[in-house]
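Colleague: I am new to reading models like this one. Could you take me through it step by step?

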Amino acid sequence: MAISEAVGQRAFVQAPRRGAFTRLIEDERWLAVVLLLPTVVLLGMFIAYPFVQGVLLAITDTKVGIPGRFVGVQNFIALWDDSIFRIAVWNTFVYTAVATVFKLGLGLWLALLLNRNFRGKAFTRAFILLPFIIPTVLSTFAWKWMFDPTFSVINWTLFQLGLIHGRINWLGDPDLALISVIIVNVWRGVPFFAISLLAGLQTINPELQEAAAIDGARAWQRFWHVTWPLLLPVTMVVVLFSVIQTFADFQLVYVLTGGGPANATQLFATYAYQIGVGTGLLSEGAAISLAMFPFLLFVVVVQLLYIRRVEVH
Amino acid sequence: MIEGAKWRRWVYFYIPLGAFVFWLLFPFYWMLVTSVRPDRELYRPWMAPNYTPFWTAHPTLVHIIDLLTETLFTRWMLNTLFIAIASTVISLFCGIFAGYALSRLKFPFAGSLGTGIFITYLVPQTLLFIPLADIVRNFQLGDTPWALILTYPTFLIPFCTWLLMGYFKAIPRELEECARIDGATRWKAMMYIIIPIAVPGILSAGIFAFTLSWNEFIYALVFLSSAEQKTVSVGVTSELVRGDVFYWGQLMAGALLGSIPVAFIYSFFVEHYVAGITGSVKG
């Protein structure tokens, strides 16, 4: 190490024609500054600055075209009393919790199925990822069409199977709308869970399974005592990622129901859009968006602590 | 893996897997079938006796032709393509350098800067879209592609950086040291030794970034207002639904054609794509 550096220095001295900048970035710290500068500028300008701006907006009463006055936490107090906001909060938590549970359960099941050797495995794996890579808004339109009460293929199928007798209004019925939206979210998220968990499964040494089988463990016991504990780190990260994405979801609901009927599928993001962009109440919209922040921060902190703990072990 | 009778293989393996594949792919089949279905068959209620959901008796290209000739669809496709490519290039440029610096150089605050970038990776677009719309307007970028080209890197750079850090970390230090012994500057060692080795990672990050920007919706919805500037997702959503009338044939044709570029790239780079997904959650 010392020798190589000494030699490097000598080579450096022998090449005097290098410019001042080249010499500057020979220093590790200056090189780091140069390399990180574009990233820091872009992220600062379009993440940190908007965040500060959002907080400033949320504590004034700005509307589109009308500069605001300072009002303190009044926007947040108003939100607390806003019954639609409360519905949106409740819906968001239900949406996130239910969708995540199903995505994890079904994703894990699919990952276990794909972890076997069968003909056409690579092909199947490539195809099941489609819901995740095709633009969400576009595939959601296919679902919206499938949910259409008059032309629904789902209704037709259920009717032919003798499961229903009348028509089901999937998106128009307030009791069903949130379930329908969750179904689409799960559909979109399962491939991501399955592929990530499959990657986790493939790092588990099959000899562990064999050893447990020789010791007489049944399939279920092998999963629960061998596979699951080893898969837990990947699972945790995937779940936390998905929770953040689901919690802040917008496009699915925007296309399927727009938050309706009667706010039955209103989420934080759709309500913020409706108030901030639709109605032009910028401050209140910004406050609704920012109200997501404490929960998101909590999830991020959990994630960082978890990753650090895994790294230590 | 499955012991015992043949029926067990069916119950525990083929039937569940088949059901999963059917469920995950059916909406795409539905898109395809609908986009070539004439209105006469399209608007036939499911209770009608001659409702044929899974097949189209008289397929037609009229929806696709209408979409291409009577709407701005091709314009939206080109807009999206330009925006996705430009923001991917910017993000790769920033991500490669940042990933290299954070994984291979020693400097003060390296750890906290890495954590900071990781946190921005987790910031959802819906948290900041309202103040950001204001900022974009103040920078005179509103209703131009640059509004998206400059803001998409906020979620693409952290992703690229994070993914590439993994690739850079795996390259042995000795390689770089050898080059430096032979007289290469740090810059040259990075450009000619380390970055070329990380090309598979760069490809993964690029493909992933491209699909992410093709998919983005809320920024495009809020920052762009005129019909000629829109991206595919926003154009289809706002221009093919007039008032309360949904032009389902055109909508499905738009959804199908709008997905093709992503699906096309994906089909060539499945393995890189999968590596991108698994790399992104490795932590």
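Colleague: What distance separates the centres of domain 1 of chain A and domain 2 of chain A?

Modeller: First, a caution: this is a predicted model. The centres of the two domains of chain A are 35 Å apart, taken over C-alpha atoms. The domain assignment places domain 1 at 18-58 and domain 2 at 82-312.

Colleague: How many residues does each domain of chain A give to the contact?

Modeller: Domain 1 of chain A gives four residues, and domain 2 of chain A gives six residues. On the domain 1 side, three are nonpolar and one is polar.

Colleague: Now confidence. Which element of chain A has the lowest mean pLDDT, and which the highest?

Modeller: Think of pLDDT as the predictor's confidence in each residue, from 0 to 100. Chain A averages 87, and 94% of its residues score at least 70. Among its elements, helix 1 (residues 2-13) has the lowest mean, 48. Helix 5 (residues 83-114) has the highest, 95.

Colleague: Next, the interface. How many residues of chain A are in contact with chain B?

Modeller: The size of an interface is often given as the accessible area lost when the parts come together. Here we count residues instead. 84 residues of chain A are in contact with 79 residues of chain B. Helix 3 (residues 28-58) of chain A gives the most to the chain A side, with 18 residues. By class, that side has 62 nonpolar, 18 polar and four charged residues.

Colleague: Which residues have the most contacts inside the largest nonpolar core?

Modeller: They are A:A194 and B:L164. The core itself has 156 residues. Helix 10 (residues 174-202) of chain A gives the most to this core, with 13 residues. Look at A:A194 up close. Leaving out residues up to four places away in sequence, A:A194 touches A:G107, A:L110, A:A111, A:L114 and A:I128.

Colleague: And chain B: why is it called more spread out than a compact globule?

Modeller: Start with its parts: 15 helices and two strands. Then compare two values. The radius of gyration of chain B is 24 Å, well over the 19 Å that the globule rule gives for 283 residues, so chain B is more spread out than a compact globule. Its C-alpha trace spans about 80 × 70 × 30 Å along the principal axes.

Colleague: What share of chain B is buried?

Modeller: Buried residues make up 45% of its 283 residues. Among contacts in chain B between residues at least 6 apart in sequence, 78% join residues at least 24 apart.

How values were computed. Residues are numbered from 1 along each chain as its sequence is written. Chains are lettered from A and ligands numbered from 1 in the order in which they are written. This is a predicted model: local features need pLDDT of at least 70, side-chain atom pairs count only at pLDDT 80 or more; totals for chains, interfaces and linings use all residues. Helices (H or I, at least four residues) and strands (E, at least two) are DSSP runs, numbered from the N terminus. Domain bounds come from an automatic or database domain assignment. Two residues are in contact if their C-beta atoms, placed from the backbone, lie within 7 Å. Ala, Val, Leu, Ile, Met, Phe, Trp, Tyr, Cys and Pro count as nonpolar, Asp, Glu, Lys and Arg as charged, and the others, Gly among them, as polar. A nonpolar core is a set of buried Ala, Val, Leu, Ile, Met, Phe, Trp, Tyr and Cys residues joined through C-beta atoms within 7 Å. A residue is buried if 20 or more other C-beta atoms lie within 10 Å of its own, exposed if 12 or fewer, and partly exposed in between; C-beta atoms are placed from the backbone. The radius of gyration is taken over C-alpha atoms; the globule rule is 2.2 Å times the number of residues to the power 0.38.
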